[in-house]
Amino acid sequence: MVPDKIEKRIELKAPVARVWQALTDYHQFGEWFRVALTEPFLVSTTVRGHILHPGYEHVVWEARIEQMIEEELFSFTWAQPKSLAKEHYKPDYTGEPRTLVEFWLQATENGTLLTVTETGFSKLPDDRREQNYKGNDGGWAQQMTNIEVYLGEHA
Amino acid sequence: MASTRRLRARGPAPSVVFAALGDETRLALVARLAAGGAASITELTEHSRLARQSRLTRQAITKHLRVLQRARMVRCVRAGRESRFELDPRPLSEIEEYIQRVSREWDAALARLKAFVED
């Protein structure tokens, strides 16, 4: 079965305020996430920066900042370009499904419990979804499961 | 790392596969091909009519098959004078691998975050 959600939990031996800074200060975020950002994170804005990965510096990372609830929740949505190959690459994310990334922070005795979720992998580009899913949400996931089960048994 | 997750993808982009599956008729076609093996347009049109009580024409079915072919989930094989369509399950398993890869990339990114804030 194809999951539609990734969830990670990690204990960080650092106070919530420190973690919040590492997540929401664009310089600090860029450092551990490895992307060269030039603009601060502000809710409802789109930030872009080049990926810091040898051979792929031409690729632009683009995210729309969704929510910033001080020391509690930071979230953004992002999409992948259609092709990362240098000769085909266009920083064009229109029509690509966007996934939602949420960072939840919680103070613990020793520091911070950080929960990261990424959801929406099975989402379709919005225009297609409207066309195909008239009051039929969830059908895709169920069908996908059925097919996967079938293929697993018969492959 | 999370931001380069598609660097190693070989087949069609996951979004192409997801989009190809995001239609009831195409899902039914995939299910039919998975269950019954290769089939001709005539057989698929018949099946679609019976199974979904729809009145899709051969042309409509052909269009849907083309979408699946572009996502490389279906390929056309010639059998004498007839074209038959068969399922290629690889893009489905690539989607599964993709999710697993994203998961590992998050592990790596969060390990870097941990080192960064615990310094």
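**Two chains in a predicted model**

Student: In chain B, what share of the contacts with a separation of 6 or more comes from residues 24 or more positions apart?
Tutor: The model is predicted. Two residues are in contact if their C-beta atoms, placed from the backbone, lie within 7 Å. Among the chain B contacts with a separation of 6 or more, residues 24 or more positions apart account for 57%.

Student: How many helices and strands does chain B have, and in which pattern?
Tutor: Chain B has five helices and three strands. Along its sequence they follow the pattern α-α-β-α-α-β-β-α.

Student: What percentage of chain A counts as buried?
Tutor: A residue is buried if 20 or more other C-beta atoms lie within 10 Å of its own. Chain A has 155 residues, and the buried share is 23%.

Student: Which residue in the turn between E4(A) and E5(A) has a positive phi?
Tutor: Strand E4, residues 60–69 of chain A, runs antiparallel to strand E5, residues 73–78 of chain A, and six bridges join them. The two strands form a hairpin with three residues between them. In that turn, the residue with a positive phi, of about 60°, is Glu71(A).

Student: Which residue in E5(A) is the bridge partner of Gln67(A)?
Tutor: E4(A) and E5(A) are joined by six bridges. The partner of Gln67(A) in E5(A) is Ser75(A).

Student: Which residue in E6(A) does Phe76(A) stand opposite?
Tutor: E5(A) is also joined by six bridges to strand E6, residues 99–107 of chain A, and these two run antiparallel. In E6(A), the residue opposite Phe76(A) is Val101(A).

Technical notes: Residues are numbered from 1 along each chain as its sequence is written. Chains are lettered from A and ligands numbered from 1 in the order in which they are written. This is a predicted model: local features need pLDDT of at least 70, side-chain atom pairs count only at pLDDT 80 or more; totals for chains, interfaces and linings use all residues. Helices (H or I, at least four residues) and strands (E, at least two) are DSSP runs, numbered from the N terminus. A residue is buried if 20 or more other C-beta atoms lie within 10 Å of its own, exposed if 12 or fewer, and partly exposed in between; C-beta atoms are placed from the backbone. Two strands pair if DSSP finds at least two bridges between them.
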